[in-house]
Amino acid sequence: MAALTLQTLVPGGSASTLVAAAGGGDTCPAGDGIFLEVLNSDASSKTVTLVTPGTTVEGLAISDRQVTIPAGERWKIPVGRVYAGADGQCSITYSAVTSVTVGVFKAS
């Protein structure tokens with residue numbers, strides 16, 4: 001797994017960088033206002049999974065968040081605290097990584 005670096009977007013505008021999604025998955029910080037940007041430049045859809053480290057909240061079952069990114073589209077996925085493991089990081093997996101780039105962002 002590769003650790004994605006949190007990029008802070010400033011009010012005056014910011015250059016942002018996407019990197020290749022790692023075949024074994026990635027990790028990123030989780031918390032309020034943080035989002036994962038996924039660009040799927042492939043000809044087929046890809047599924048991105050945010051792993052929920054717990055299994056229940058207040059007795060209710062919770063599951064991992066799966067988001068299907070259509071071919072040729074760029075999506076933003078909120079990465080809230082519910083996805084934070086003990087180290088504050090969210091684990092991310094991909095159905096495939098061909099032509100998929102990602103970045104993690106938060107507005108200042």
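Is lysine 46 buried or exposed? Lysine 46 is buried, with a relative accessible area of 5%; buried means under 20% relative accessible area, exposed over 50% and partly exposed in between, with a 1.4 Å probe and protein chains only. The model is predicted, so local features need pLDDT of at least 70 and side-chain atom pairs count only at pLDDT 80 or more, while totals for chains, interfaces and linings use all residues. Residues are numbered from 1 along each chain as its sequence is written, and side-chain values use heavy atoms, with hydrogens and water left out.

The chain has 0 helices and 12 strands; helices (H or I, at least four residues) and strands (E, at least two) are DSSP runs, numbered from the N terminus. The radius of gyration is 14 Å, close to the 13 Å that the globule rule gives for 108 residues, so the chain is as compact as a globular protein of that length. That radius is taken over C-alpha atoms, and the globule rule is 2.2 Å times the number of residues to the power 0.38. Along the principal axes, the C-alpha atoms fill a box of roughly 40 × 35 × 20 Å. Of the 108 residues, 33% count as buried. Among contacts (heavy atoms within 4.5 Å) with a separation of 6 or more, 77% are between residues 24 or more positions apart.

Lysine 46 belongs to strand E6. Its side chain makes a polar contact with the side chain of aspartate 42, at 2.6 Å. A polar contact is a pair of N or O atoms within 3.5 Å; within protein, one must be able to donate a hydrogen and the other to accept it, and residues adjacent in sequence count only if both atoms are side-chain atoms. Leaving aside neighbours within four places in sequence, lysine 46 is in contact with residues including Asn40, Val67, Ile69, Ser95 and Val100.

Strand E6 pairs with E11 in the antiparallel sense over 4 bridges, and E4 pairs with E11 in the antiparallel sense, also over 4 bridges. Two strands pair if DSSP finds at least two bridges between them. Leucine 50 stands opposite isoleucine 92 in E11, and serine 91 in E11 is the bridge partner of threonine 27. The covered face of E11 holds Cys90, Ile92 and Tyr94, and the uncovered one Gln89, Ser91 and Thr93.

In the largest nonpolar core, which has 20 residues, Leu36, Val79 and Ile92 touch the most other members. Strands E5, E6, E9, E11 and E12 each give two or more residues to this core. Such a core is a set of buried Ala, Val, Leu, Ile, Met, Phe, Trp, Tyr and Cys residues joined through side-chain atoms within 4.5 Å. Beyond four places in sequence, isoleucine 92 is in contact with Met1, Leu4, Leu36, Val48 and Leu50, among others.

Strand E5 also contains glutamate 37, which counts as buried at 7% relative accessibility. The side chain of glutamate 37 makes a polar contact with the side chain of arginine 74, at 2.5 Å. Other residues that glutamate 37 touches include Leu18, Trp75, Val102 and Phe105.

Glycine 24, in the loop between strands E3 and E4, counts as exposed at 55% relative accessibility. The C-alpha atoms of glycine 24 and threonine 98 are separated by 12 Å, and the two residues are 74 residues apart along the chain.
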